[in-house]
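Here are my notes on the two-chain model you sent. Please read them with the structure open.

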Amino acid sequence: MTISEQVAPFVRAFRTAPGISDEPEWLCAHRDASIRHFAATGFPTRSAESWRFTDLRPLTASPILPAPDAVPNASERALADPPPSDPPPSELSVPTHRIILVNGRFIPRLSRIGALPPGVWLGSTADTVKARPGLIAAAFDASEIVGSQPFAALNAAFFADGFVLALEPGAVLETPIEVIHLGRTDTPVAFHLRNAIIAGSGSRATVIESTEGSGPGWTNAVTAITVDADASLRHIRIQNDGSEAIHTALTRATLARGARYENFALTLGARLSRQDIQVALSGEGASVALNGAYLLRGEQEATFAPHVDHQAPGCRTDEVLKGVMQDHAHGVFLGTIAVRPGADQTDARQLNRNLLLSPWAHVDTKPELEILADDVKCSHGATVGSLDEAALFYLQARGLDETTARHMLIEAFAADVIDTAALGDILSAPLRRHLRDWLGQVGGAA
Amino acid sequence: MGFDLAMPDLAMPEAATPNPAVTVSADSAETPDTLESFVSAANEGYKYGFVTDIEADEAEPGLTEDTVRFISAKKGEPEWLLSWRLKAFQRWQQMSDPQWAKLKIAPIDFQGACYYSAPKQNAGPKSLDEVDPELLKTYEKLGIPLGERAALAGVAVDAVFDSVSVATTYKEKLGELGIIFCSFGEAVREHGDLVRKYLGSVVPQGDNFFAALNSAVFSDGSFVYVPPGVRCPMELSTYFRINAAKTGQFERTLLIADKGSHVSYLEGCTAPQRDENQLHAAVVELIALEDAEIKYSTVQNWYPGDAEGRGGIYNFVTKRGACRGDRAKISWAQVETGSAITWKYPSCLLEGDHSVGAFYSVAITNNRQQADTGTKMIHIGRNTSSTVISKGISAGRGQNTYRGQIKVMPKAEDARNFTQCDSLLIGKSCGAHTVPYIDVRNPTARVEHEATTSKISEDQMFYCQQRGLPQEDALSLIVNGFCKEVLKELPMEFAVEAQKLLAVSLEGSVG
């Protein structure tokens, strides 16, 4: 299929896409430029270095266009696929500010934003475009138009909704924000979500995002994050889409002096998924923690591609990603830490460890360092292996059956990264719960 | 193979012309102590020549099917080899040069180059007295034996009194054991069946752009065959075949170790070697049958260009060994200090059960040198194991990339790999990059990769200097310590020279 054949349906769909009513002119221009960029590049191919391990055929075989009813604020009754009547259960045991999106659009009836402290804005992207258009500009970046992110360009062209969190300098939000996206569809349609988190200097917040659902939907999210001087943001993403779903997500964070960003990504669902996390440490003394795990089974294929750019001196990166692959699953880790000239006293660690549980499971890992400053401490490591036979024997010798022993060892392997992330009991609890649920579905022998 | 990435089109001017831009920097006279400056000073107004026994003309510049036929005819090759070359040429025409390496390369004009030029007899200096004294000083620093200095400096062979006889003596000794060690051309004539059986069996013609180019136009090279059960009694080295050594820019080496044999091969030398061809694309194929062991050591010190990055050799090498039989072992050791551009990934195909691959590398980039080097270990057989130790040193504006792949195929039960790659940065303007690819398709595999990047510790420097060592010696000591794990893998004489070479290569990089 040529690029023009591949992109034609998207370009046609763009002409009739509703976008957001009353959106500012610059946004329309941005959408227009983005679809042009996508039309020129098409989907990435395996000949591109950063896509060579990912089989995108489930996504590119036939065009997956935005759901025709993905109109923001449309009357729910008018929708072909009505959202559930009850809100989905919370991931956390404490009260949260909740945003619920179904099939790519905000559902006020299920959401509960509640009372926010002064200096904090939380709303759907569509509402923010109308009410606080100034905030929305932060969610866009010129690189979508000129860069090599075709999915971000497609998202910019088509997005209809998402969430925006903005904290004014010094605002502290103790209550976590919970964003749940439900994808429910019987036909292959795309949900383009555009999110933004703007943390003013000295502010603090926690966001826990989760996606789940059923059917062959394609969730394509772009989240733009700015963390200003000395602000601190915790961001947890639990991807638990249905087994036929496709999930692509780009998170782009820029950290100013002394800022702190902690990201934890748990990948469980979707037949094909890819998470790109791009962090620019642009101010002195900024630090980022990127931790996570991908637990894959069946025919699942998941790529985790974190890229950290040390632009300023004295910054720190701690990155630990763990993968567990069962059945025919394929995990890919493409990590890069780049240190620019002058970014001295950089302290960066990158670790990717993988557990293969079946003869057909497969992992590609590429932890990359790109270093252009000399006064730095950088290390990376990667391991691939299976369960330690000696440990398995030890547990069985103590009277545990093989399945229990295996589960115990897998859980220990994966839970380790939850401990490393040190998110506290409240935020760790859902991660551990998902891990145990996943293990419950793992067969005994492999 | 290759890192099989996108290979967009690229044109190439200038670089491959037979007499390249080996420019002399104006300030070389003022800083005569650096390697670069005396190399370039030595180049000034001096054209050393190549020596071969073939009366030959030059082919017309450019590369067409006719060029390939011309080369083959000149060398009096059999029909099968000509058609092998032509097949390679056809593949090459459909390929474009790889872009995935972290290298900034000015486009190379492949059609502007001359692919067959017989060097003129006696064009070089007649004796050591005519050789630039600065160059001789380097030889002295490196401790190169007197007899070899003349040959390395490009003195015409008939002026080198004993190298020929040395080579002949060794050849007789090897012949008694049934070891074949000769030029590639001779092997085609004398041992055609062996060459035909193994040529291209590890690096096929279409393997990658530069291997295809080499396969089409390779000039000459070495051929080694060690019969079953024979342990080669000496290190086979390019030193012993000095008159056949100048095999030009498209060298082809084929080394076969038959069942249960053992051979150690040394390639290159520590002395600054100079060559008038800027583009080098060599291919080395190693085949180790059951229980055989091959140790292949390289020291590469081609002209790196001047301090501003003008001139210098482009070194695009495909080296690969196949452990064809069970318990075969192939070990690569390399010290790469020269060339403006190094693109080289000595690899092991671990086909036999229990076969073993190893890669030990030191790569230095100083001034504006760029190196993208590493290895590939492909685990195919059961219980295969591999070790990778890579030490990259960047100084000046050098860019040094380790790029390595560890692949464990589904049938490679209990494969084991350990990789360690460490980078050392000297100075603010250099770069050190690590790009490991790990691809595992068998759950019983155990693959570990670790890497660190650091600078020369000020504490260590202070300690050494405080004990009275001059700054340069202190640096050399620390760098040698950093590289120790690799240097100890080199054959002894080589190791001694390599240590000195590290110091010479890094001259002027601190202070």
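Two residues count as in contact if their C-beta atoms, placed from the backbone, lie within 7 Å. The model is predicted: local features need pLDDT of at least 70, side-chain atom pairs count only at pLDDT 80 or more, and totals for chains, interfaces and linings use all residues. Residues are numbered from 1 along each chain as its sequence is written, while chains are lettered from A and ligands numbered from 1 in the order in which they are written.

1. **Contact order.** Take the contacts in chain A between residues at least 6 apart in sequence: 84% of them join residues at least 24 apart.

2. **Overall make-up.** Helices (H or I, at least four residues) and strands (E, at least two) are DSSP runs, numbered from the N terminus. Chain A has 10 helices and 19 strands. Its radius of gyration is 21 Å, close to the 22 Å from the globule rule for 446 residues, so chain A is as compact as a globular protein of that length. That radius is taken over C-alpha atoms, and the rule is 2.2 Å times the number of residues to the power 0.38. The C-alpha atoms of chain A fill a box of roughly 70 × 50 × 50 Å along the principal axes. Chain B has 14 helices and 20 strands.

3. **Burial.** A residue is buried if 20 or more other C-beta atoms lie within 10 Å of its own, exposed if 12 or fewer, and partly exposed in between; C-beta atoms are placed from the backbone. Buried residues make up 55% of the 446 residues in chain A. In chain B they make up 57% of 511.

4. **The interface.** 35 residues of chain A are in contact with 36 residues of chain B. On the chain A side, the elements giving two or more residues are strand S18 (362-371) and strand S19 (376-385). That side divides into 16 nonpolar, 10 polar and 9 charged residues. Here Ala, Val, Leu, Ile, Met, Phe, Trp, Tyr, Cys and Pro count as nonpolar, Asp, Glu, Lys and Arg as charged, and the others, Gly among them, as polar.

5. **A strand pair across the chains.** Two strands pair if DSSP finds at least two bridges between them. S18(A) pairs with strand S19 (residues 431-440) of chain B in the antiparallel sense, over 6 bridges. A:Thr365 stands opposite B:Ile438 there.

6. **Helix H1 of chain A.** The expected span of a helix is 1.5 Å times one less than its number of residues. Still, H1(A) has a kink of about 25° centred on A:Pro9. The bend at a residue is the angle between axes fitted to the seven residues ending there and the seven starting there. A:Val7, A:Phe10 and A:Phe14 are buried in this helix. Their cover includes helix H2 (25-41) and helix H7 (150-158) of chain A.

7. **Helix H9 of chain A.** H9(A) (residues 402-421) has 20 residues and reaches 29 Å, close to the 28 Å expected. It bends by about 30° at A:Ala414. Its buried residues include A:Arg406, A:Ile410 and A:Val417. Among the elements covering them are helix H8 (389-397) and helix H10 (425-440) of chain A. Just after H9(A), A:Ala422 takes a positive phi of about 45°.

8. **B:Lys329.** Is this lysine buried or exposed? B:Lys329 counts as buried because it has 23 C-beta neighbours inside 10 Å. It is found in strand S10 (residues 329-336) of chain B. Not counting residues up to four places away in sequence, it touches B:Ala288, B:Glu293, B:Cys323, B:Ser355 and B:Val356.

9. In S2(B) (residues 221-226), 6 of 6 residues are buried. S2(B) pairs antiparallel with strand S1 (residues 180-183) over 4 bridges and parallel with strand S4 (residues 252-257) over 6 bridges. S12(B) (residues 347-350) is covered on both faces: B:Ser347 and B:Leu349 on one side, B:Cys348 and B:Leu350 on the other, are all buried. B:Cys348 stands opposite B:Gly321 and also opposite B:Met377 in S15(B).
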